[in-house]
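Thanks for coming, everyone. I would like to take a few minutes to go through one structure, beginning with the whole chain and then turning to a single residue.

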Amino acid sequence: MSLDFLRAEPLETKAQWDELLEQFRKGRGPRSNPVFPTHLLRKEGEVVGSFSVGSPTVHLQMDKEKCNWKDSLVMWSILESLMLENNISSYVIACDVTSPFHNLLEKRLPKIIGEENCEEWHLFKRNL
């Protein structure tokens with residue numbers, strides 16, 4: 001297995017942004033955009049998603065056809081390493097209710113009170 005099998009890289013160039021938009025918009029439509037992406041996620045060299053470590057909430061999105069839950073756990077570990085590297089010891093993660101991670105987050109992290117009427121997303125607090 002290559003060291004580049006799964007990796008996150010800072011989102012810095014227009015070429016990277018174009019790759020991310022192409023991946024993100026496949027199932028979401030031509031006007032959709034990822035939320036504040038700071039890092040591009042690659043699997044075997046191909047763009048499969050992004051995450052954000054620079055907004056008030058963390059957003060992690062990955063291609064459901066190309067990635068499995070194990071890939072997501074690896075990327076989440078990378079995200080948390082970056083958070084700790086930047087002295088961020090807690091954060092809020094937004095999770096779509098259709099995400100395969102929703103049940104896991106609901107069982108393990110406290111849900112943030114005040115968003116009960118949101119039917120599409122829930123917010124969870126993570127302390128490192």
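This is a predicted model: local features need pLDDT of at least 70, side-chain atom pairs count only at pLDDT 80 or more; totals for chains, interfaces and linings use all residues.

The C-alpha trace spans about 40 × 35 × 25 Å along its principal axes, and 39% of the 128 residues are buried. If we count contacts with a separation of 6 or more, 50% of them come from residues 24 or more positions apart.

As for the fold, the protein has three helices and seven strands, and from the N terminus on these elements run β-α-β-β-β-β-α-β-α-β. The accessible surface comes to about 8,100 Å², with carbon and sulfur atoms contributing 53% of that. There are 16 positive and 19 negative side chains, and the centres of these two sets lie 2 Å apart.

Now to the residue I wanted to show you, glutamine 61, which lies in strand S5, residues 60–62. Is glutamine 61 buried or exposed? Its relative accessible area is 11%, and because the cut-off for buried is under 20%, it counts as buried. Leaving aside residues up to four places away in sequence, glutamine 61 touches several others, among them Leu20, Phe24, Arg28 and Val48. Leu41 is also one of these contacts; it sits 20 residues from glutamine 61 in sequence, with the two C-alpha atoms 9.0 Å apart. Finally, the side chains of glutamine 61 and glutamine 23 are joined by a polar contact of 3.2 Å.

Note on methods:
Residues are numbered from 1 along each chain as its sequence is written. Side-chain values use heavy atoms; hydrogens and water are left out. Helices (H or I, at least four residues) and strands (E, at least two) are DSSP runs, numbered from the N terminus. Buried means under 20% relative accessible area, exposed over 50%, partly exposed in between (1.4 Å probe, protein chains only). Contact means heavy atoms within 4.5 Å. A polar contact is a pair of N or O atoms within 3.5 Å; within protein, one must be able to donate a hydrogen and the other to accept it, and residues adjacent in sequence count only if both atoms are side-chain atoms. Accessible areas come from the Shrake-Rupley method with a 1.4 Å probe; for residues, only the protein chains shown count as cover. Lys and Arg count as positive and Asp and Glu as negative; His and the chain ends are not counted. The place of a charge is taken as NZ of Lys, CZ of Arg, CG of Asp or CD of Glu.
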